[in-house]
Amino acid sequence: MTDASALARLQGRGTRRLLKAHALLIYLFLYGPIMTLIVLSFNAGGMPTAWTGFSFKWYGALIQNPEILKSVANSLLVALAVTLISTAGGTLLALGLERGRPSTLLDSFVMVPMIIPDIVLAIALLSFYTLLQFTLGLYTIVLSQSVFVIAFAAAVVRTRLRNFDRSVIEASIDLGAGAWTTFRRVTLPIILPGVIAAALLSFTLSIDDFVIAYFSAGAGSGSTTFPMKIYAMIRFGVTPEINAIATLLLLVSFTLMLLAQRFNRGSGA
């Protein structure tokens, strides 16, 4: 028995080491290119692949580029509008779906914008705007992004609602509170972590979007968003300045996703 137990322990240690090595390789595969991009964004030379020294000059060049600053302002404006629309709409949609009768058909319709390819949705939206003779601009980008972001926001809020104790609502009504008072003082505080997580996710999805924004922006340069500006720059080749832009975008996206996950974990409590 002793020999068998010792052999089992050795085999267990070998398995754990193998799994750790496998996990390390997977992380290197996933994040190796990203780390390379971040390192090269501090490259002093003009060549994006040949290291010549450490420098912050490419980040300084971004601050002094008015076209990039304008695209950043457009992205922030669009992302804030999309966040407000999607969070409010997604929360109401989640409340309606959870309080109504369970319907596989309705759930499927809500999930369609999440699973449909971006290029298909973008072409459909462009055709819709053309049919209605809409003038494309920032407001059409907001409308287009809200179409698919609302579905993600609703999914996050529904995660919280599935663990919702409805007896507190009944208790509030029994004590004489109206529907609005119950929602404001009971329902909303309980689902607030999920709502905040939905808002952070909505902002991240909006600020990272390129395909839908590209098809919905029109021909004018005044509606160019940050990802669209990156695409326009990268067509002429990858430079350390583009690496710096990508690094900043990664930092913002990563931070927002961490915050969204933190609130989402709280929403599942």
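Which helix does I68 lie in? I68 lies in helix 3. The model described here is predicted. Its secondary structure comes to 11 helices and zero strands.

**Overall make-up**

- Read along the sequence, the protein follows the pattern α-α-α-α-α-α-α-α-α-α-α, in keeping with its 11 helices and zero strands.
- The protein has 269 residues, and buried residues make up 36% of them.
- Among contacts with a separation of 6 or more, 74% are accounted for by residues 24 or more positions apart.

- I68 has a relative accessible area of 3%. Buried means under 20%, so I68 is buried.
- Leaving aside neighbours within four places in sequence, I68 is in contact with L62, F226, K229, M233, E241 and I245.
- I68 and T224 are 156 residues apart in sequence, while their C-alpha atoms are 9.5 Å apart in space.

**K229 in helix 10**

- K229 is found in helix 10, which covers residues 226-234.
- The relative accessible area of K229 is 15%. The cut-off for buried is under 20%, so K229 is buried.
- Not counting residues up to four places away in sequence, K229 touches E67, I68, S71 and T224.

**Helix 3 and helix 10**

- Helix 3 and helix 10 pack at an angle of about 145°, and their axes are 7 Å apart.
- On the helix 3 side, E67, I68, S71, V72 and S75 take part; they meet F226, P227, K229 and M233 of helix 10.
- By class, the residues of this contact divide into five nonpolar, two polar and two charged.
- I68 and K229, described above, are both among the residues that meet here.

**Helix 3 and helix 6**

- Helix 3 spans residues 66-99 and helix 6 spans residues 138-161. Their axes come within 6 Å and cross at roughly 40°.
- That angle makes helix 3 oblique to helix 6.
- The crossing of helix 3 and helix 6 is right-handed.
- The contact of helix 3 with helix 6 has 18 nonpolar, seven polar and two charged residues.

**Helix 4 and helix 6**

- Helix 6 also packs with helix 4, which covers residues 104-115. The angle between helix 4 and helix 6 is about 125°, and their axes are 7 Å apart.
- Helix 4 and helix 6 are therefore oblique to each other.
- Helix 4 passes helix 6 in a left-handed crossing.
- From helix 4, the residues D107, V110, P113 and M114 meet V147, F148, A151, F152, A155 and R158 in helix 6.
- This contact of helix 4 with helix 6 has eight nonpolar, no polar and two charged residues.

Key. Residues numbered from 1 in each chain as written. Predicted model: local features only at pLDDT ≥ 70, side-chain atom pairs only at ≥ 80, totals over all residues. Heavy atoms only, no water. Axes fitted to C-alpha atoms, helices over the stretch in contact; angles between N-to-C directions. Helix = DSSP H or I, 4+ residues; strand = E, 2+ residues; numbered from the N terminus. Parallel < 35°, antiparallel > 145°, perpendicular 65-115°, else oblique. Left-handed = near helix turned anticlockwise from the far one by under 90°. Nonpolar A, V, L, I, M, F, W, Y, C, P; charged D, E, K, R; others polar. Buried < 20%, exposed > 50% of the residue type's maximum accessible area, 1.4 Å probe, protein only. Contact = heavy atoms within 4.5 Å.
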